[in-house]
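Trainee: I have a structure to learn. Can we go through it step by step?

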Amino acid sequence: MTIPADTKQKPTARFQVLRLIARNKLALAAVIFLTLVVLCAIFGPWLMGNLVDKPNFRARNMAPFSLAQGWAYVLGADTLGRSLLARLIVGAQNTLGIALFAVFFSMLIGGFLGLIAGYSRGALSNVILRVADIVMSFPSLLLALIVLFSLGPSVSNLVIVLAVTRIPIYLRTTRAEVLEVRERMFVSAAMALGAGHMRIVFRHIAPIVLPTLVTIGAIDFATVVLAESSLSFLGLGIQAPEFTWGAMVATGRGYLANAWWIAFWPGLAILLTTLSLNILSNWWRTYADPQQRWRIELARSKKGIPEKRT
Amino acid sequence: MTAPHLPSAHLLEVKDLTVDFLSLGGAFRATNGVSFHVDAGETLVILGESGSGKSVSASAIMGLIDTPPGEICSGTITYRGKKLDDCGVEERRDLNGRKIAMIFQDPLSHLNPVYTIGWQLAEVFSAHGVATGAEARAKAIDILARVGIPEPEKRIDQYPHQFSGGQRQRIMIGMAIALHPEILIADEPTTALDVSVQAQILDLLKKLQAEDGLAIIMITHDLEVAASMADRVIVMNSGRIVEEGHARAVFENPQHSYTKTLINALPHADDTGGTGRRSTTDVGKPILEVKSLNKYYGLSSGFFAKNTQLHAVKDLSFTVAKGETVGIVGESGSGKSTVARVLLRLNDVSSGEALFHGRDIFKMDTRELLGFRRKVQMVFQDPYSSMNPRMTIFDIVSEPWRIHKDILEKSGWRDRVTELLGLVGLRPEHADRYPHQFSGGQRQRIAIARALACDPELIVCDEAVSALDVSVQVQVIDLLAQLRDRLGLAYIFITHDLPIVRHFADRIIVMKNGGIVEHAKTEEIFRNPQHAYTRQLMNATPRPKWEAASAPLPA
């Protein structure tokens, strides 16, 4: 795609991306937050040790912003007196793991099938579309319930179920874009050069469709996190003692009236993560489009080589 | 025709206009201290090649420059003594359309395809609060009649795609003149049209000017169009005015070296001597034999109409030999582009055969087809869309080597790309840029570089130079001729412009409605055209205004 093509020729280009991100305050904040979350996901369990499931009955339903029980309890504690801060940090791993894998696989499979369905005009395209229609017309939560009930709840099954229910969104979008892009002149030009179908689909069409998919993926991230939490709530998602942010929201729901913080902090974490992903995907979409990139590049700097314009 | 001068000021005056476009690279100066004026009833032609800043100058008058990236650094625009820069947005918007109107190059993309023509014309009236409802409709019909659309009462309820290119441009002109503006800015109004249609549009503009006393600012790169329209001319190059004066003086006695180059680049219709760009070597044995090629397009038109078929190419036969150039000339809709697409197997053929080195192209399997596509290349009509906007020039030019792996080692790509770019007159550092950063002419050169990358035997050029400036056209054709003589290439050169192929093609095929109307050696066609249609094509070139004195226009 475009960015690798650039970095290959200019080793400084990679740093240029960082410099450009640093120029946009919002994008910078998003990057910092996401880095923090990822670090939590990787090192969290190791850092927090058994603080996560150690009940502390003196801290039951403890209100946040108090240091009476030490730093670990600054965000308050849940009904069993477990540190919310520690649970948030450790919960990042399962949450991000499940959501990222689910989004990634649904994007990959949906995008791939969409490319095939849009590019080939034959029966295959119809088969793919009808299957997608069936998945789409079936209530996704019901589908997830049935599958998880029969296969048994586990993290990998959860990822599969969440991915499958989201595939049609990517598939439909990809197909619609491919139908338009394939009629463009540069596709004919590539064909006239002798380019095979694989090259046309992956080198010429896919890079143009990809930014749309990434944007949808970033929005979909929140949907997947919440879908996972509702499955967990029904007892078919993640199983205790494992937990996710979604599961934390679900359990805290019953205490909203007297201990709002139990549901609030994980909810805020989901919101901020999704928001950051959105900001970043939006920024990247602009950056990845050579015709739009000037909007980012122009933001502050006004020096360098003049360009010829049409 | 002399313009009635206002005693003190001109109708519209632009003074010292400097516009910058900002980019990562810094400011690119699009126009630099440009000043001009126009009076009622007068035609000012801004002549220049792409990138010369002519469109920017006109867009500044309409306030159409996007800021950023554009930045108007200095300059004042005065309309009837009133500075436009001081006007508010509302006032300016009201002035646009009512007093100053603009028509654009591509009439299809400037008409909304989902509304009828009548709706869009009526909108002009309602937007400016002149008329609504039945009154607006009546006015719209009047306008259609005025710009020469037959049966306006019936056609007013049709959609843009139901009109031909020329008619769409007439409708655009109609919208522009609907509110009787005083100034009409025409940005390349005929570039997208066939020669014979172009002549009609230019006549229409002249007629409207005579009737309304319009001041026309016409932007064009086409010298013949400029000569046929202009009272005064300004010639722009790299954002500066290099020459200005009365049309006849500029054309017959150009002062600046740039203007001289431009005028010398013109293929003169009365020039009989030059055969310089035709192939010098003896043509070898045929490499491509096309035999009774037919192509139908199915036009299904709803439930009730019968399935009709468009016979796009009718029984076409010709041969191309090594080192030979065959010109296919015709207007849009003549089926000439279909021939190219069918020969490259981009579209399926209906019947007939085409033998390339004795093998039928239409019966080749995948392997053979790959070899064929290495030997036969195509340069497309539209350099704006024939390149992937997300690939760098390096990736675009080197793509043939990625596809045909045996041509060149990967280590040699960079040098060869540099060499090919040099061959078509571009610089090595251009390789890392993206297509949108180039002008149309430069993009077409890139397309030619890509076509040359796999050492083809035959290049099919579909309107390859039509989008280019005259001086660039000559350069590109010279380049093609040179490559042919050096590498023994053969060309099928498809164009609507007969004079262009005159010095380049060895044989010319004139097509109309899918069939061949004339097929002969180039000299014979020009010396003694057999068919009325060929003669019509030759005579469609616009004549200079000062020579067309037989039809004097009232001021």
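Trainee: What makes up the secondary structure of chain A?

Mentor: In this predicted model, chain A has twelve helices and zero strands. A helix counts here as a DSSP run of at least four residues. Read along the sequence, the pattern is α-α-α-α-α-α-α-α-α-α-α-α.

Trainee: What box do the C-alpha atoms of chain A fill?

Mentor: Roughly 75 × 55 × 30 Å, along the principal axes.

Trainee: How many of the residues of chain A count as buried, and what makes a residue buried?

Mentor: A residue is buried if 20 or more other C-beta atoms lie within 10 Å of its own. By that cut-off, 39% of the 310 residues of chain A are buried.

Trainee: What share of the contacts in chain A comes from residues 24 or more positions apart?

Mentor: Take the contacts with a separation of 6 or more. Of these, 67% join residues 24 or more positions apart. A contact requires C-beta atoms within 7 Å.

Trainee: Now chain B. Which domains does the assignment give?

Mentor: Domain 1 covers 12-114 + 159-264, and domain 2 covers 286-539. Their centres, taken over C-alpha atoms, are 32 Å apart.

Trainee: How many residues does each domain of chain B bring to the contact?

Mentor: Domain 1 of chain B gives eleven residues and domain 2 of chain B gives twelve. On the domain 1 side, α7 (195-212) and α10 (257-264) of chain B each supply at least two.

Trainee: How do the residues on that side of domain 1 of chain B divide into nonpolar, polar and charged?

Mentor: Three are nonpolar, six polar and two charged. Gly counts as polar in this scheme.

Technical notes
Residues are numbered from 1 along each chain as its sequence is written. Chains are lettered from A and ligands numbered from 1 in the order in which they are written. This is a predicted model: local features need pLDDT of at least 70, side-chain atom pairs count only at pLDDT 80 or more; totals for chains, interfaces and linings use all residues. A residue is buried if 20 or more other C-beta atoms lie within 10 Å of its own, exposed if 12 or fewer, and partly exposed in between; C-beta atoms are placed from the backbone. Two residues are in contact if their C-beta atoms, placed from the backbone, lie within 7 Å. Domain bounds come from an automatic or database domain assignment.
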